[in-house]
Amino acid sequence: MIQKLVKLTILIVWLAMLGLLIERTYLRPSTVIALDAITEEGVRTGDEWAGIYQQGRKIGYAHTSVMREADTYHLLEEAELNLLVLGQVQHVKTVTNSYTTKNFLLKYFNFIMQSATSSMEIKGAVVGNKLVLDLLTAGQMRKKRIPLKVPPYLALNIKPALVLLGLEPGKKYRFSLFNPATMSTEDVSISVEAKERIKVGDTEQAVYKLKETSQGMEAFSWITEDGDTIKEESPLGYVLLKDTMAEAVKPDTQGPAVDIISLVMIPSNHVDNPAQTRYLKAKLAGAPMQGFELEGDRQTFNGRTVEVRVHDETAAYRLPYAGKDRSSSLQATVLIQSDDKRIKDQSAKILSGEKDARKAAKKLNEWVYNSIEKKPVVSIPSALEVLSQHVGDCNEHTTLYTALARAAGIPTRMAAGIVYLRDGFYYHAWPEVWLGQWTAIDPTFNQFPADATHIRFVAGNIDRQSDILKLVGKLKVEVLEYR
């Protein structure tokens, strides 16, 4: 069972990038704050350095710089983190350059993320009412255009914008913010909770306590009147503390103290032989269930109780799928490059002329399972990158499978939720293929179809997975029946 636990590749590695890798980098935001009437006086330029800690042990650092360049502000944020995931230390570095108007609305940006197994660069510019993106991964540049209802911010632009507005206890603000990790715009609300005095070194300092709310998660920060960040706290216990550059970058030789997976495992009563489970009934509690896709296909949901039934009898058809009703699940995206020659050629090679949709879907499932090394990585999953590196966790397996299946003409979408293993439920991702109905499969476990302990919460493309953050630290599961 220990060996299988190591093979379990957990969605929380991806969620860590969204929710824990310094909330400042990935927060999101309905009403745009109009700053045109606000004076620029009081905006502080310069550098900030901070250490990032987990249970008292340093696991990385963050550096932020604000520079004035003619009529533009140039904001730089870089961070390095060592995350312990399933016993393996994952090193990740992000660099964001943001160029803004004098009111800190986004003009253009550059975002780079690097880990041991992957590298991704995203460039973007606001052009009229669109955000135009260039994404470079696996040596290929892809374009994406996102319609904008309102001008966006990046997360690192928010703090100086708040300083311009003035920090006053009781004030609440909302921002429309672009998130490079999901390549989408969402909302964040920030409230000034109180003015406090906290000890900084040997002295006390007056600070404002801010609460940032996004995706149902709350983070807190303490900043001075001119915007100097003294401290930040994430929902799962990550702490950022102001420091000198020399101290901030100094590594802790002991490394990370706590495995991320242990922080988010959902305890549950025991399930024997979960891989053989064909029916499961469970009570869900502790978190709001509105907005999740718990009802439909193999799942039924009555408000708190979900039932999952595995359907072995699935329809087959001749590839490619000829219907027009599943077109969105056949399209290529910037991360699911099903129209790329390398993906098409690999899919065709695996299938060797197989035209039966069910047999083809199963062949692809087995190939991805056998070809991808089961290893947790911290990345923004790209099908081409996974095809090149042949390593990854559940999101890498799911992203590559989805691209290969779409290239073959099989409508496929990504699902995310929870799965049972050994001692409780874990966050996980898997594909669903259209075989007369949406059929859950799992190339990470080589299951076709997937067992009934896979409880889906969202379906679509990878941007939907950030909704799972609403559950982290809150969801409780009680298994009522299984067979």
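**Rings and helices: a chat over the model**

Colleague: Quick one to start: are Tyr73 and Phe104 buried or exposed?

Modeller: Both Tyr73 and Phe104 are buried. Bear in mind that this is a predicted model.

Colleague: Noted! How many aromatic pairs does the structure hold?

Modeller: There are nine aromatic pairs.

Colleague: And what sort of pair do Tyr73 and Phe104 make?

Modeller: A stacked one, because their ring planes are at 20°, with the centres 4.4 Å apart.

Colleague: Nice. What about Tyr153 and Phe175, how are those rings arranged?

Modeller: Their planes are at 90° and their centres 5.2 Å apart, so this pair is edge-to-face. Here too, distant parts of the chain are linked: Tyr153 comes from the loop between strand S8 (140-147) and helix H4 (158-165), and Phe175 from strand S9 (residues 172-179), 22 residues apart.

Colleague: Why do you call Tyr153 buried?

Modeller: Because its relative accessible area is 0%, and the cut-off for buried is under 20%. Phe175 is buried as well, also with a relative accessible area of 0%.

Colleague: Switching topic: which residues have the most contacts inside the largest nonpolar core?

Modeller: Ile410, Phe457 and Leu475, in a core of 120 residues.

Colleague: What does Phe457 touch?

Modeller: Leaving aside residues up to four places away in sequence, its contacts include Leu284, Met289, Phe292, Ile418, Ile468 and Leu475. Glu293 and Gly417 are among them too.

Colleague: Now the helices. How do H7 and H8 pack?

Modeller: H7 (residues 341-351) and H8 (residues 357-371) cross at an angle of about 105°, with their axes 9 Å apart. They are therefore roughly perpendicular, as angles of 65 to 115 degrees count as such.

Colleague: Which residues meet there?

Modeller: Gln346, Ser347, Ile350 and Leu351 from H7 meet Ala360, Lys363, Leu364 and Trp367 from H8. By class, that contact has five nonpolar, two polar and one charged residues.

Colleague: And how does H7 pack with H10?

Modeller: The angle between H7 and H10 (residues 394-407) is about 80°, and their axes are 8 Å apart. This pair is therefore roughly perpendicular.

Colleague: Who's in that contact?

Modeller: On the H7 side, Ile343, Lys344, Gln346, Ser347 and Ile350; on the H10 side, Leu400, Ala403, Leu404 and Ala407. They divide into six nonpolar, two polar and one charged.

Methods: Residues are numbered from 1 along each chain as its sequence is written. This is a predicted model: local features need pLDDT of at least 70, side-chain atom pairs count only at pLDDT 80 or more; totals for chains, interfaces and linings use all residues. Side-chain values use heavy atoms; hydrogens and water are left out. Axes are lines fitted to C-alpha atoms, for helices over the stretch in contact, and angles run from 0 to 180 degrees between N-to-C directions. Helices (H or I, at least four residues) and strands (E, at least two) are DSSP runs, numbered from the N terminus. Angles under 35 degrees count as roughly parallel, over 145 as roughly antiparallel, 65 to 115 as roughly perpendicular and the rest as oblique. Contact means heavy atoms within 4.5 Å. Ala, Val, Leu, Ile, Met, Phe, Trp, Tyr, Cys and Pro count as nonpolar, Asp, Glu, Lys and Arg as charged, and the others, Gly among them, as polar. A nonpolar core is a set of buried Ala, Val, Leu, Ile, Met, Phe, Trp, Tyr and Cys residues joined through side-chain atoms within 4.5 Å. Buried means under 20% relative accessible area, exposed over 50%, partly exposed in between (1.4 Å probe, protein chains only). Rings of Phe, Tyr and Trp (its six-membered ring) pair if their centres lie within 6.5 Å; planes under 30 degrees apart count as stacked, over 60 as edge-to-face and the rest as tilted.
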